[in-house]
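Have the sequence handy as you read.

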Amino acid sequence: MMRDVTLGQFFPGKSILHRLDPRMKIALLVAFIVLIFCTGNYFSLAFTAIIVALTVFFSGVPTKMYLKSVKTIIFIVIFTSVLNLLYGTGDVLWSWGFLKITTGGIRNAVFVTVRIISLILVSSSLTFTTSPTDLTDGLERILKPLGIFRIKVHEIAMMMTIALRFIPTLLEETDKIMQAQKARGADMESGGIVKRVKALIPVLVPLFVSAFRRAYDLATAMECRCYQGGSGRTRMKSLHLTAVDFKVLAFMIFVACSVILLNIFL
Amino acid sequence: MEFIKVDNVKFHYDIDEEPGQQPAVNVLDGISMSVEKGEFVALLGHNGCGKSTMAKHFNALLLPSEGKVYVDGMDTSDEEKCYDIRKKVGLVLQNPDNQLVASIVEEDVAFGPENLGIEPKEIRRRVDDALKKVDMYEYRLHAPYKLSGGQKQRVAIAGIIAMEPDCIVLDEPTAMLDPRGRDEVMSTIKKLNKENGITIVLITHYMDEAVMADRVIVMDKGKILTEGNPHEVFSKVELLKKHRLDVPQATELVYQLRAMGVKFERMPLDEEECVEMLREVLK
Amino acid sequence: MSVLEVQNLSFVYGAGTPFEKKAVDDVNFAVNKGEFIGIIGHTGSGKSTMVQMLNGLIKPTSGKVLLNGEDIFANPKEIRKVRFQVGMVFQYPEYQLFEETVYKDIAFGPTNMGISGDELDKRVRSAAMFTGLKEELLFKSPFDLSGGEKRRAAIAGVIAMDPEILILDEPTAGLDPMGRDVLLSQITEYHKVRNNTVLLVSHSMEDIARVADRVIVMNKSHLQMFDNTKNIFARGDELAKIGLRIPQITKIMSDINGDSGLFSQGILCVEQAASEIAEVLKRRGKL
């Protein structure tokens, strides 16, 4: 069912990750992803994998949820790792026709698999431990300097907030419309690709109409609540960096140094 | 004291804005009324009688084509006063799903005060206070889409209260709710009026809700059909029926008995009053 | 033989997860051909889930739905045919309109059944007639209609399939009193003319009292009561306990009646109440 979308799902809690400032979390996530792709040998790769495992463990979110988010991309992982496996260079270990597996291929496959899975796990840990509003809030504040390039950071953040708010509502609506059309004999489960795409029209048209109606209502409601864009606006929750943030930052610097050292010396 | 004054307002949509609307038709056709501070007024009528259009005039979302609307002495057509007016008159819409902005209840309630540029500490106080007033404080960290219709609508009301307006206009706030949700919202509205002295303009097509008001204004085809306290309005059963507005069954029963020749002094508005009157007659 | 029968019908949401919830729990009832059944209960009492199992939109976790004595899930590939026999009008059905014209939209269901030509035209027009849609509206875009007209067009889209059983989930929600009144009369008229079976889910006890022969009361996923409308509303105290009201007129009459036995039990309309009161007053020489 469509409700199984785990992306962006937030699990309230009190773990160390929950307590971090969203700005710090976003910055560290970006830094860590760069780091994952900087790993140069098995040792540094294993080291980052351990850090990922620790992050997952200390997030206080059921491991099942992480497995679920990995499951959604498992096809891509297998596909890319198989490709890497077959198109490597180095000593040939096994061959069959034009297919051959090399030491380089194995290395590439392991790296790509570990990197993609790590990427998904740390990104999930961000969305699982940060409420959507904190997330957009953090992004808005981090990206604020982009305002000088005439990028409308507040507007983008507002759009994200609204999108996050309405995704569940629209999913539920899609479900309802599908049921209603099925009750009128719409057949969405059988037939070729063309037939299936055609069968979506009775669902998509009402969905669009309803989305526009909601947008119109929401705009009215926002006007009623004196919304005038980002200028002159205050926030109820102000973000503060606390001791936890600096401790985690220090730890990340240590991790980064370790990865570099492992790359160089092993 | 006169808080809202509507002076001979006519209104029609421009053709460009609303395709399909005839430009010549006045949705509002010479409406004059006023709302006193602290009053609870019900605006009653069919869909399409102009009551929702009227509602949007109270906080300068729409401006009259002719005539004037004053809120606390401010002319709504004065563009500079627009946000001052919206600070004083909050509007709650029919569909509770479509007026909540944020994914967490308390963040949504904070949206209005944040737009007003209020200090974070003060926003916190107002949000907590507003949520307590509508009895939703314990849900402050919930996601709106998981709440029931009545709860969502109360959050929407809290979002308006947090702006500390003098008056709240509610445009059919219960039309999409189940009976339980309707009761929740109606008792919240009554409480805000009686305990917090907030002026209420309730737009509805339910008679049993209009009965709770101090004053009822009945609209039909862009005009005011009749107005007065609920007893006065609902004793005009014939007029209401002629315009196919329904009357509570309690009122209808006494009306039919009267037609059969039974003597009653007044029209009952709810079942308790009706039972009392019938017991008197049957004694 | 009953046209529709459910046996030990149950449905569990999210079975096997921590969010497991019984939405419908061991429901049994049978409906006769030509009956008008009212279904009442709170939001969350399981009535919406229950009715969606009756035409196979939701597959029961356990139990059976028998249509004319046959299990509708006996052959899963034929489930679409069941949906033509058991028509379902959802809440706010106007949100499912999608075609370019009202005519095409009403024709969507019958076309899916494989009907075309004159028969299709006849069905579309008669469905439009039952719901009081004017001829000239048929070739307009459904999005240009008024709220009440959209609702009627959507209901016509289900009626056009000419189902043996018609299920309506809160068809009058959000309409004003006049719209409610008109739509309800059209549904009763349709029921009378076609003589098919109608199941009406509603929160309005006044509406149920006006149209239903028998009433199903759902409470906390269970079928709490199933009886004649009169008998159901005569049990006002029990209904109050599960948080359901009875029609205002029924409440008033039962309050003044008390234990006196002056008036009948479960009075459902104002006319009956007025004439019974007048009768008593006449007997006492007060009128």
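Predicted model: local features only at pLDDT ≥ 70, side-chain atom pairs only at ≥ 80, totals over all residues.

## Where chains B and C meet

Let's start with the contact between the chains. Chain B brings 30 residues to it and chain C brings 34 residues. Together they bury about 2,900 Å², and carbon and sulfur atoms account for 61% of that area. On the chain B side, three residues stand out: Gln249(B), Glu271(B) and Leu282(B) supply 23% of what chain B buries against chain C, more than any other three residues.

As for polar pairings, 13 residue pairs are in polar contact between chain B and chain C, counting pairs with both residues at pLDDT 80 or more. The count of salt bridges between the two chains is one. Have a look at Arg244(B) and Asp181(C), whose side chains meet in a salt bridge with an N to O distance of 3.6 Å.

## What chain B puts forward

Which helices of chain B each supply at least two residues of the side that touches chain C? They are H6, H10 (249–259) and H11 (271–282). H11(B) gives the largest share of that side, with seven residues. Sorted by type, the chain B residues touching chain C come out as 15 nonpolar, six polar and nine charged.

## Asn193(B), tucked into H6

Now zoom in on helix H6 of chain B, which covers residues 179–196 and includes Asn193(B). Is Asn193(B) buried or exposed? It's buried, because its relative accessibility is 5%, and the cut-off for buried is under 20%.

A polar atom of the Asn193(B) side chain sits 3.0 Å from the backbone oxygen of Ile198(B). Setting aside neighbours within four places in sequence, Asn193(B) is in contact with Gly38(B), Glu39(B) and Phe40(B), with Ile198(B), Thr199(B) and Ile200(B), and also with Asp214(B).

## Strands and a hairpin in chain C

Over in chain C, strand S1 (residues 4–13) runs antiparallel to strand S4 (residues 62–67), and five bridges join them. If you want a landmark, Val6(C) stands opposite Val65(C) in S4(C).

S4(C) also pairs with strand S5 (residues 70–71) of chain C, again antiparallel, through two bridges. Here Leu66(C) has Asp71(C) in S5(C) as its bridge partner. S4(C) and S5(C) form a hairpin with two residues between the strands, where Asn68(C) takes a positive phi near 50 degrees.

Technical notes
Residues numbered from 1 in each chain as written. Chains lettered and ligands numbered in written order. Heavy atoms only, no water. Helix = DSSP H or I, 4+ residues; strand = E, 2+ residues; numbered from the N terminus. Buried < 20%, exposed > 50% of the residue type's maximum accessible area, 1.4 Å probe, protein only. Polar contact = N/O pair within 3.5 Å; in protein donor to acceptor, adjacent residues only side chain to side chain. Contact = heavy atoms within 4.5 Å. Pairing = 2+ DSSP bridges. Buried area = accessible area lost by both parts, 1.4 Å probe. Salt bridge = Lys/Arg side-chain N within 4 Å of Asp/Glu carboxyl O. Nonpolar A, V, L, I, M, F, W, Y, C, P; charged D, E, K, R; others polar.
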